[in-house]
Amino acid sequence: MVETAETITAMRILVVEDEPRLQRNLAKALREEGYAVDAASDGGDGIFKAETYDYDAIVLDVMLPKLDGWEILERLRKTKQTPVLMLTARDAPSDRVRGLDTGADDYLIKPFDLPELLARVRALIRRSANKTTNNIEIGDVSLDTRTRSVTRNGNPVTLTAREFAILEYLVLHRGEVISRTELFEHLFDENDDTLSNLLDVHIFSIRKKLGAEIIATRRGQGYCVEK
Ligand code: CA
């Protein structure tokens with residue numbers, strides 16, 4: 001097989017399907033599209049893999065031994081937003097409602113055509129890549145960790161890379177008091193001893209741009225972005 005750029009940068013997909021022949025055909029078709037494919041033949045193995053690995057998408061049959069597809073989806077959604085395409089045998093409206101409530105991203109009713117499934121999987125992966133904008137709101141400030149941009153009351157604010165890194169770290173540990181030592185360890189080169197003052201300068205500058213209340217100082221303990 002000639003390797004193309006697509007086969008090298010493979011997306012990884014999990015197929016959870018207990019019918020051996022369908023599982024084989026699905027895996028084969030997906031591999032031919034250039035995806036790396038893992039397979040699980042029952043709900044137990046399915047949920048284990050889905051929770052353990054970061055897949056780009058999961059093709060999930062509803063009727064499975066051990067745990068059914070709904071139970072897998074429900075458990076998975078407590079920790080992960082992996083895009084899920086459900087395979088359902090019944091075109092029952094109640095199934096669709098249940099799927100939406102549980103957090104399925106798309107459905108396909110058996111029997112289906114493989115090209116249709118491949119198109120749905122592609123769309124799912126594309127949609128999920130687009131929606132990974134990671135917007136975090138802190139009062140009137142909004143932080144996008146993907147584009148590394150910040151707005152205040154909807155107006156763009158320019159932070160330096162250092163300022164953004166400090167704010168992002170505090171926001172990702174929101175509600176916790178982060179010591180100066182921890183901030184240094186995560187953000188700065190440890191051999192640079194001029195930083196003690198600089199951290200204050202960065203914090204001062206962030207507050208000036210985004211409002212004093214954005215970062216609270218806990219005297220003798222560190223800094224905190226409050227919940
Ligand atoms: Ca089945």
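A residue counts as exposed when its relative accessible area is over 50%, and as buried when that area is under 20%. Keep these cut-offs in mind for the charged pairs below. The model is predicted.

Start with D42 and K66. Their side chains meet in a salt bridge, with N and O 3.6 Å apart. The two residues sit in distant parts of the chain, 24 residues apart. D42 lies in the loop between β2 (36–40) and α3 (43–52). K66 lies in the loop between β3 (57–61) and α4 (69–76). K66 has 70% relative accessibility, so K66 counts as exposed. D42 has 18%, so D42 counts as buried.

Next, go to E19 and K110. The closest N and O atoms of this salt bridge are 3.2 Å apart. This pair also links distant parts of the chain, 91 residues apart. E19 is in the loop between β1 (12–16) and α2 (20–32). K110 is in the loop between β5 (106–109) and α6 (114–130). E19 is partly exposed at 40% relative accessibility. K110 is buried at 16%. Both residues belong to a network of salt bridges that also takes in E17 and D61.

Now turn to helix α6. R120 and E116 both lie in this helix, 4 residues apart, or about one turn. Their side chains form a salt bridge at 2.8 Å, N to O. R120 is partly exposed, with a relative accessible area of 24%. E116 is partly exposed too, at 35%.

These pairs are among the 17 salt bridges found in the whole structure.

How values were computed. Residues are numbered from 1 along each chain as its sequence is written. This is a predicted model: local features need pLDDT of at least 70, side-chain atom pairs count only at pLDDT 80 or more; totals for chains, interfaces and linings use all residues. Side-chain values use heavy atoms; hydrogens and water are left out. A salt bridge is a side-chain nitrogen of Lys or Arg within 4 Å of a carboxyl oxygen of Asp or Glu. Buried means under 20% relative accessible area, exposed over 50%, partly exposed in between (1.4 Å probe, protein chains only).
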